[in-house]
Amino acid sequence: MRRLILPICLMLGACMPGASGDVTSRAATQTDPSMPPMKVFSVPRPTPPARSNQDMARDFIDLSLRLESGRELKVLSRFEGPISVKVVGAPPPTLLPDLNRLLHRLRTEASIDISLINGPSANITIEAVPRSEIRRHLPQAACFVVPNISRLSQYRAAKRSRLTNWSALTTRRKIAIFVPSDAAPQEVRDCLHEELAQAIGPLNDLYRLPDSVFNDDNVHTVLTGFDMLMLRAFYAPELQSGMSRREVSARLPAILARLNPNGEYVAPRRTSTTPRAWVRAIQTALGPGAGPMQRRTAAQSALHVAETVGWTDHRRGFSHYALGRLTQNTDPDFAQNHFAAADAYYRRSPGTALHRAHAAAQLASYAIAHGRGDVALTLLAPQLPVAEKHENAALLASLMMLRAEALELTGRVAEARTVRLDSLGWARYGYGADWAVRAKLREIGALNPLKGTNG
């Protein structure tokens with residue numbers, strides 16, 4: 001598994017209709033003393049899963065016994081016994097605190113015996129290396145995880161061998177995770193959550209999951225209540241490495257009934273599978289390598305597939321959202337219609353509060369650009385606590401910066417100044433470099449017609 005770079009989706013604060021580009025998050029070599037201290041999240045507040053245990057048993061099997069390519073795994077593989085983790089390379093200052101917080105959550109929420117050590121060897125080695133080194137090996141990856149090696153220097157020789165083949169594993173013993181040492185704190189943390197979760201647990205991603213990091217849409221960036229339940233079930237004593245799909249399936253109902261009794265009383269929804277045509281179209285539209293017209297065509301194809309299949313869930317909303325992001329600079333009114341459609345589908349789909357926060361940022365940007373500060377404030381008000389609850393500092397900072405512009409439009413200048421200043425601490429965690437934070441401020445400020453930069 002590797003965390004893919006999805007430039008359009010990762011530009012959480014890039015707002016319409018001002019000029020946008022890839023939001024860079026490379027760490028600054030110097031810090032601006034006029035900037036407030038970086039803010040960090042404290043106590044996690046994951047939402048427990050609200051789906052049927054029948055649905056979650058299906059999710060568990062598809063996540064745990066299938067690879068992202070669609071290839072089925074013959075047996076379940078996991079670590080047996082305590083799991084040790086070590087960090088090597090050049091970790092940025094925020095990596096170890098964020099890792100310790102994640103390991104604490106895995107111990108307390110997923111009941112996994114996992115700990116950080118300083119010894120010469122560990123089950124899982126996290127190596128922090130320059131982003132350029134990661135992209136030299138995997139150009140489309142922000143970070144990635146590989147079995148049976150411990151250092152990036154071993155990867156080139158091992159990657160074409162059976163040694164790094166996940167499907168050949170019966171029991172996991174040694175795994176390496178490679179994360180960027182020169183990225184924004186939030187990007188490093190996101191890599192830790194996704195790659196460590198897949199190093200110890202499920203290997204697949206499913207677009208049908210609205211409330212999980214095991215989803216390549218990258219909406220969720222820290223492990224959710226659903227994810228912790230999946231990991232806790234993955235390490236349930238009733239299961240063990242080497243079990244077949246049939247053996248795992250036979251034990252899952254009792255495991256989930258024990259771990260999630262409320263799920264026994266929820267009616268199953270049986271969400272449809274995601275066609276490969278839609279996945280390919282989304283990856284072309286939002287991933288690296290395609291030109292603007294190719295991206296837009298791919299996004300339109302994804303929306304066509306969603307309409308043909310008859311989806312009314314978050315995947316239909318995401319199809320509209322992707323098309324809106326790709327057209328917001330060239331056709332703002334067209335994009336606005338698709339952001340509104342995305343929000344409408346998200347509103348009807350459970351587990352999509354964070355999705356709606358992303359859509360609201362775009363809708364509020366449009367309102368600010370047209371001088372409707374009161375509309376923007378109404379859109380933004382419920383989304384600030386959502387971004388904070390889901391620990392998305394980049395999104396939270398952008399929402400606060402938008403709120404500051406909306407406050408100015410409504411004449412509340414002093415309040416706007418306070419909100420804007422408060423946003424900077426979150427932006428330093430979300431965007432990293434101080435110059436990138438200031439660039440985000442300028443980008444969002446340019447939306448405000450009172451500042452005379454919108455033409």
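Predicted model: local features only at pLDDT ≥ 70, side-chain atom pairs only at ≥ 80, totals over all residues.
Reader: How many salt bridges does a search of the whole structure find?

Author: A salt bridge is a side-chain nitrogen of Lys or Arg within 4 Å of a carboxyl oxygen of Asp or Glu. The search finds 28 of them. One joins the side chains of Asp 62 and Arg 208, with 2.8 Å from N to O. Asp 62 is in helix H2 and Arg 208 in the loop between helix H6 (185-200) and helix H7 (225-234), so this pair ties together parts 146 residues apart in sequence. Helices (H or I, at least four residues) and strands (E, at least two) are DSSP runs, numbered from the N terminus.

Reader: Are Asp 62 and Arg 208 buried or exposed?

Author: Asp 62 is buried at 9% relative accessible area, and Arg 208 is buried at 7%.

Reader: Which residue meets Arg 245 in a salt bridge?

Author: Glu 72 does, at 3.7 Å from N to O. Arg 245 belongs to helix H8 (residues 245-259) and Glu 72 to the loop between H2 and strand E2 (83-89), so parts 173 residues apart in sequence are tied together. Arg 245 has 23% relative accessibility and therefore counts as partly exposed; Glu 72, at 46%, is also partly exposed. Both residues belong to a network of salt bridges that links Arg 51, Asp 59, Asp 62, Arg 66, Glu 72, Arg 208, Asp 211 and Arg 245.

Reader: Which residue does Glu 391 meet in a salt bridge?

Author: The side chain of Glu 391 meets that of Arg 101, at 2.8 Å from N to O. Glu 391 lies in the loop between helix H15 (383-389) and helix H16 (393-409), and Arg 101 in helix H3 (residues 95-109), so the pair ties together parts 290 residues apart in sequence. Glu 391 is buried at 4%, whereas Arg 101 is partly exposed at 21%.

Reader: What does the count of aromatic pairs come to?

Author: Rings of Phe, Tyr and Trp (its six-membered ring) pair if their centres lie within 6.5 Å; planes under 30 degrees apart are stacked, over 60 edge-to-face, and the rest tilted. The count comes to nine pairs. Phe 41 and Tyr 429 form an edge-to-face pair, 6.4 Å centre to centre with 90° between the planes. Phe 41 is in the loop between helix H1 (7-10) and H2 and Tyr 429 in helix H17 (residues 413-431), so the pair ties together parts 388 residues apart in sequence. Both Phe 41 and Tyr 429 are buried. The rings of Tyr 207 and Trp 278 have centres 5.0 Å apart and planes at 85°, so they too are edge-to-face. Trp 278 is buried, with a relative accessible area of 0%, and Tyr 207 is buried at 8%.

Reader: Which residues do ring pairs link into a cluster?

Author: Phe 41, Trp 426 and Tyr 429 form that cluster.

How values were computed: Residues numbered from 1 in each chain as written. Heavy atoms only, no water. Buried < 20%, exposed > 50% of the residue type's maximum accessible area, 1.4 Å probe, protein only.
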